Amino acid sequence: MELKAGYAAAAKLIADAKRVLVSGHLSPDGDSLGSMIALVRLLRAAGKEAWATADPNALGKPGFLEGASDIIPVRKLKAARRRIGGAFDLFIAVDCSSFSRMPPEVETVAKGLKCICIDHHVTNDGSFGDVQIVDPAASSAGEIVWRFAKWMEWKFDRASAEAIWVAMITDSGRFAYDSTSPRTLRAAGDLLKYGVRTAFINDVIYGTFPRKAIELKRIAWRSLHIWKNRKVAEVTLTRDDFRSVRGTKADAEDIVEIPRSVAKNEIALFFYQIPDRTRETRCSIRTRGEWDATVLAAKFSGGGHRKAAGCTIKASMGTAKRQMRAAVKELLKSACRKTMRIPENLV
């Protein structure tokens, strides 16, 4: 669906709705959380009843944003319908294109509702929701929310602008990644008009760390494993590591930058297991050069962007590592075969 056609279709669904539920993916990062908070605030300013839902224990540093305290905990989502006076009649998914990537409680409440999907992942196939506002070229879901809000002529205030700012800087690497475009910077310039506290936000997100996060980094550094002549580097955090410091995934948000910081690194992997009863192992993937992170993530039903992707491997840590390493080796080998192929005109 063309973006402007998506805007128009989404506007109609919003106009017909009274109570709107907004959700992002599990363990929301800055983009997911910032987009949710901004969208709810903008909808309310436009006269709608709107709520976001997430696990409050997984908000991490972006949880300082104004509006985060109003988020409905996913475990209380069913009960919240009674408190707000009725059922939701519209669902908006941001930074996510599948119920399987959201808290399971969300699907129970949102399945069957009219749905708008706002996303920027290259792996989004456009099949989720009744209306799709999807732009893989956007730096973040937050950038798309800003564009849609401007098209709708919604009114920003400092709180909604700061939420979008956090969404954009966290997913664009503070405007350093290739996804940063002139449109991204135009959006950022507009947000500054509303008094965004750039220095304060930078200090909260990038300048200070709780002790739990520092301890997890120390453990991750000890696990650093480098192979393929420094092309590939990986770190690991087990359930016991998280439990030892009473940490959560939110405390480990930027740990994938440890293997990525190795000189000559081209593929960085972060294996981790959150403290739960499943045998699943999650893997964050970052790449440089021509390597496509989504190729590796897709082998395990994951997704994301060319340079940043992730997946959940339904296996123990040891088995998951072996499977991902095999996928990496195959990716490297296939690229090697392509470069060694003799051009037909020389045969």
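1. A crossing of two helices is called left-handed if the near helix is turned anticlockwise from the far one by less than a right angle, and right-handed if it is turned clockwise. The crossing of H2 and H6 is left-handed by this rule, whereas H6 passes H8 in a right-handed crossing. Helices (H or I, at least four residues) and strands (E, at least two) are DSSP runs, numbered from the N terminus.

2. On the basis of the note: this is a predicted model, in which local features need pLDDT of at least 70 and side-chain atom pairs count only at pLDDT 80 or more, while totals for chains, interfaces and linings use all residues. Residues are numbered from 1 along each chain as its sequence is written, and side-chain values use heavy atoms, with hydrogens and water left out.

3. On confidence, where pLDDT is the predictor's confidence in each residue, from 0 to 100, the protein chain has a mean of 92, and 96% of its residues reach 70 or more. Over residues 339–347, however, the pLDDT is below 50, and this stretch has 1 contact in the model beyond near neighbours in sequence; contact here means heavy atoms within 4.5 Å.

4. How do the axes of H2 and H6 cross, and within what distance do they come? They come within 7 Å and cross at roughly 160°. H2 and H6 are therefore roughly antiparallel to each other, given that angles under 35 degrees count as roughly parallel, over 145 as roughly antiparallel, 65 to 115 as roughly perpendicular and the rest as oblique. The residues making the contact include Gly30, Ala38 and Leu42 of H2, and Ala159, Ala163 and Asp171 of H6. By class, this contact of H2 with H6 has 8 nonpolar, 5 polar and 3 charged residues, where Ala, Val, Leu, Ile, Met, Phe, Trp, Tyr, Cys and Pro count as nonpolar, Asp, Glu, Lys and Arg as charged, and the others, Gly among them, as polar.

5. H5 and H6 pack at an angle of about 140°, with their axes 7 Å apart, and that makes H5 oblique to H6. Gly142, Glu143, Val145 and Trp146 in H5 meet Ile164, Ala167 and Met168 in H6, a contact with 5 nonpolar, 1 polar and 1 charged residues.

6. Helix H6 (residues 158–172) also packs with helix H8 (residues 198–207), at an angle of about 50° and with the axes 11 Å apart, which makes H6 oblique to H8. From H6, Glu162, Trp165, Val166, Ile169 and Thr170 meet Thr198, Ile201, Ile205 and Tyr206 in H8; these residues divide into 6 nonpolar, 2 polar and 1 charged.

7. A further open sheet is formed by 6 strands in the order E7-E8-E9-E10-E12-E11, and its pairing is mixed. Its edge strands are strand E7 (225–227) and E11, each of which pairs on one side only.

8. Strand E12 (residues 308–313) runs antiparallel to strand E10 (residues 281–287), joined to it by 6 bridges, and glycine 310 in E12 is the bridge partner of serine 284. Strand E11 (residues 303–304) is likewise antiparallel to E12, with 2 bridges, and a hairpin joins E11 to E12 through 3 residues. In this pairing glycine 303 stands opposite glycine 310 in E12, and glycine 304 stands opposite alanine 309.

Methods
Axes fitted to C-alpha atoms, helices over the stretch in contact; angles between N-to-C directions. Pairing = 2+ DSSP bridges.
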